[in-house]
Every structure is written in structure tokens, then in C-alpha cells.
Amino acid sequence: MAETPRIVLLPGDGIGPEIVAAARRLLEALGEFEFDERLMGGCSIDAHGVALTDEVLDACRRSDAVLLGAVGGPKWDTTDPDAPRPEQGLLGLRKGMGLYANLRPVRPSPALVGASPLREERIAGTDLLVVRELTGGIYFGDSGREGDTAHDTCEYSAGEIERIARAGFEAARRRAEGGRHKGRVTSVDKANVLETSRLWREIVTGLAGDYPDVELDHLLVDNAAMQLVSRPADFDVIVTENLFGDILSDESAMLTGSLGMLPSASLGGAGAPGLFEPVHGSAPDIAGQGVANPLATFLSAALMLRHGLDRPAEAVRIEAAVDAVLERGLRTPDLAGDGDRPVGTEEMTEAVLAEL
Ligand code: NAD
């Protein structure tokens, strides 16, 4: 990686430009970065007729990391199957950048545990990461219909399992470096029923020797779904296949109760750039009003520093600054409760900058 990391910014549509501009200010306050801002999504359809141009994809591939706002909006909603759609840009990026691991951290800020649907004593201390395989399994296997019967096939190769398991072990190791985490991987499968799961467990167990500093345990997916709501604070990194990960990452996202707070990352092979973005969409209903919550994008920038640029100390600084402003009672309208005086994107950004 170059000494000054090169970051492609893809603000996208709706509130995307507001929250990405705020995150850029945060990064500029932390250190030296080279930014390359490009069009992707609806804005690129307006300018070039496609959601992702070859030129932008190429810039992303050559970067050290990509930070994305969000794409889409009513302007580009269409039922014409031949019309370009903003989401095609996201799919094109995932494919073109070879992203196969999706990382979703769930860490309710101590000041926001009251927003969780779980009781406070149950959610307190939760700080977990779901690592989901993105390119294999039942979503990509052979499927079809014959008469009144349908089938979907789940297939995994040893190589596909190994690379996602390594992504999980390495994420656990990087998190432990920050000093806040246990360094434990929980591999989730259905090895009592599925052959793909038995291969999964075999491969994951075989890799554990390469990561003696990381603890490994296994859970069946039905049990994992229960444990996530009964003892979420006991998890560190959960690594699982595509379908199970789809369900468990949404289940764990709900633990925080606030969409405007959730970051995510998608990673490709070793040394390749990752894609970092908030989980929420482009919120066209509030775009341009200066009230968007920038915190999920700030936390995405923290993920980028930890998992994309190998700068864990700066990631911890951002996360601590976000906790501190929430502790002081600052709330954007989406987080504000009765009696809170809501602040806009600008005031929230200034407050986080001051805490850095
Ligand atoms: P959304 O996440 O954009 O909005 C849902 C609700 O949450 C809205 O009321 C919105 O105002 C609010 N919200 C979301 N993020 C917020 C933030 N940072 N601060 C304050 N409030 C926030 O989901 P939606 O309304 O279903 O979708 C809107 C558009 O976004 C659609 O075009 C959809 O396709 C697109 N979308 C894009 C992505 C992405 O780019 N990755 C993800 C999901 C949806």
C-alpha cells in the first residue's frame, strides 16, 4: 500500500453526498489521504447512461479502499427491464472488485442501548461482527422447476470455504489488536444435516492451527439464532455461509434498533481494496435538508481504517468520538426521543471532529 492511501469516494444519491462529505472531513482531520471522488448510481446514470462506468470501476480496483454513501431514489425507479438502475452499480462493483466477504459489526453505542428491542442488561456490552460469505451457496447453485417440484442447490468448494474462514480469523485477530475484543471466531453451520456444512466445519477446524491466537467454536445455525438474542455480548466474530449470514446479519442488525448507526464492509482477496458503506439507503425523503445522520458513514470509515487500511488505532479514535458525542446527548432527528433537541449533519460532524 502506498504511504498516502488512495481512497475512492462514491457519494452516490440522496443523502449520500452529505454524509460522505462529512466523513471526508473526519478522515482529513485524522491524517494524510488522497481522495478521488467519482459518480456511481443514479447520478452516473444521469451523466453517462450507466450506473457504473468502466473508468470508475477501474479507479476503484486501483485504489486502496472505496467509501460509498448510498445509491438510488424515486427518480430512477422503473419497471422497464431494459432501463439502467442504480443498484446495478453496486452489483457491478461487487463483481468487478471480487468482493466475497461481507462484514457487519454490531456495537450498540452505550448511550443508545435503550433503542434496542432487547432489555438493557441483555444488550449491554455487545460488540460482535458477522462475516458472511457473499458469492456461493444456495443463492448461486443450480435451481429450477419440473412440474410441481422446485429445487435450489447449495454448493461450496473447499477453496471458497477456506477464503471466507480466513477472512473471519483475520478479522478476529485485527479486532483483538484494538484491545477491546476476545479474539474468538464462532463458525455457524448446520453440520448435523447438510453435507456442505460438514465440509465447512472440516475446513474451518483445519485452519484453526494457523491462528493459535484466535479461539474457535462451532454453533448450529438454529442455536446461533437463539443465542444472538439471549446472550449477544458473548459473541466476537461469527463466520458463516451466504444464506445463514443473510439471515443472521439482519437479526443482529436489529439488536441496535437504529439503522442510521450501522456500517458494513465487503472485502476481496488479500491486498485488494475493500468497499465500505453504511447499511442504510439514500433516504430520499430527507435528502438536501441537512438532517441526515452521518454516524453510520463515520463508523464505515472506521471499518475502512481497521479492515482496509490496517490503521486500527485511528478506527478506535473514530468509534470513541462517536460514543462520546452520543454520551453527551447529541442526536440527529432519526435518533432523537422526547425531550431531545435534535442536531443536523453539520453540528453532529463538528461535535465528532471536536472529540477526535
Ligand atoms: P433508506 O435506508 O434509504 O431509508 C429508510 C428510512 O430511514 C427513511 O425514513 C430514511 O429517512 C431513514 N434513514 C436512512 N438513513 C438515514 C440516515 N443516515 N439519517 C437519517 N435517517 C435515515 O431505505 P429506503 O427508503 O427503503 O430506500 C431509499 C432508497 O435507497 C431506495 O432507492 C433504495 O433502493 C436505496 N437503497 C440503497 C442502498 C445502498 O445504496 N446500499 C441500500 C438500501 C436502499
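Start by selecting helix α3 (residues 54-61) and helix α4 (residues 87-96). Their axes cross at roughly 45 degrees and come within 10 Å. That angle makes α3 oblique to α4, because an angle counts as oblique when it is neither roughly parallel, roughly antiparallel nor roughly perpendicular. The crossing of the two helices is right-handed. Show side chains where they meet. From α3, pick Leu57, Cys60 and Arg61; from α4, pick Gly92, Leu93 and Gly96. Sorted by class, the residues in this contact of α3 with α4 are three nonpolar, two polar and one charged. Keep in mind throughout that this is a predicted model.

**Next stop: a second helix pair**

Two packed helices are described by the angle between their axes and the distance between the axes. Select helix α6 (residues 158-177) and helix α7 (residues 195-207). These two pack at an angle of about 50 degrees, and their axes are 9 Å apart. So α6 is oblique to α7. Which hand does the crossing of α6 and α7 have? It is right-handed.

Now colour the residues that touch. On the α6 side, select Ala158, Ile161, Glu162, Ile164, Ala165, Arg166 and Phe169. On the α7 side, select Thr196, Leu199, Trp200, Ile203, Val204 and Leu207. By class, this contact of α6 with α7 holds 10 nonpolar residues, one polar and two charged.

**Stay on α6: Gly168**

Click Gly168, which sits in helix α6. Is Gly168 buried or exposed? Gly168 is buried, since its relative accessible area is 0%, and buried means under 20%. Look for its contacts beyond four places in sequence: they are Val131, Val185, Val237 and Val239.

**On to helix α8: Leu228**

Select helix α8 (residues 221-230) and find Leu228 in it. Leu228 is buried too, because its relative accessible area is 1%. Which residues does Leu228 touch, leaving aside neighbours within four places in sequence? They are Leu128, Phe235, Ile238, Leu248, Glu251, Ser252 and Leu255. For another distance, pick Ser187. It lies 41 residues from Leu228 along the chain, and the two C-alpha atoms are separated by 13 Å.

**Into the core**

Now look inside. The largest nonpolar core has 60 residues. Select Ile7, Leu27, Leu295, Phe298 and Ile318, the residues with the most contacts inside this core. Then select helix α10 (residues 295-308), which supplies the largest share of the core, eight residues.

Zoom in on Leu27. Setting aside residues up to four places away in sequence, Leu27 touches Ile7, Phe33, Phe35 and Leu67, and also Ala301, Met304 and Leu305.

Ala283 has a positive phi, near 40 degrees, and is a residue other than glycine. Its relative accessibility is 22%, so Ala283 counts as partly exposed.

Then move to the loop between α10 and α11 (312-327), where Asp310 lies. Asp310 is not a glycine either, yet its phi is positive, at about 55 degrees. Is Asp310 buried or exposed? Asp310 counts as exposed, because its relative accessibility is 58% and the cut-off for exposed is over 50%.

Terms used
Residues are numbered from 1 along each chain as its sequence is written. This is a predicted model: local features need pLDDT of at least 70, side-chain atom pairs count only at pLDDT 80 or more; totals for chains, interfaces and linings use all residues. Side-chain values use heavy atoms; hydrogens and water are left out. A nonpolar core is a set of buried Ala, Val, Leu, Ile, Met, Phe, Trp, Tyr and Cys residues joined through side-chain atoms within 4.5 Å. Buried means under 20% relative accessible area, exposed over 50%, partly exposed in between (1.4 Å probe, protein chains only). Helices (H or I, at least four residues) and strands (E, at least two) are DSSP runs, numbered from the N terminus. Contact means heavy atoms within 4.5 Å. Axes are lines fitted to C-alpha atoms, for helices over the stretch in contact, and angles run from 0 to 180 degrees between N-to-C directions. Angles under 35 degrees count as roughly parallel, over 145 as roughly antiparallel, 65 to 115 as roughly perpendicular and the rest as oblique. A crossing is left-handed if the near helix is turned anticlockwise from the far one by less than a right angle, and right-handed if clockwise. Ala, Val, Leu, Ile, Met, Phe, Trp, Tyr, Cys and Pro count as nonpolar, Asp, Glu, Lys and Arg as charged, and the others, Gly among them, as polar.
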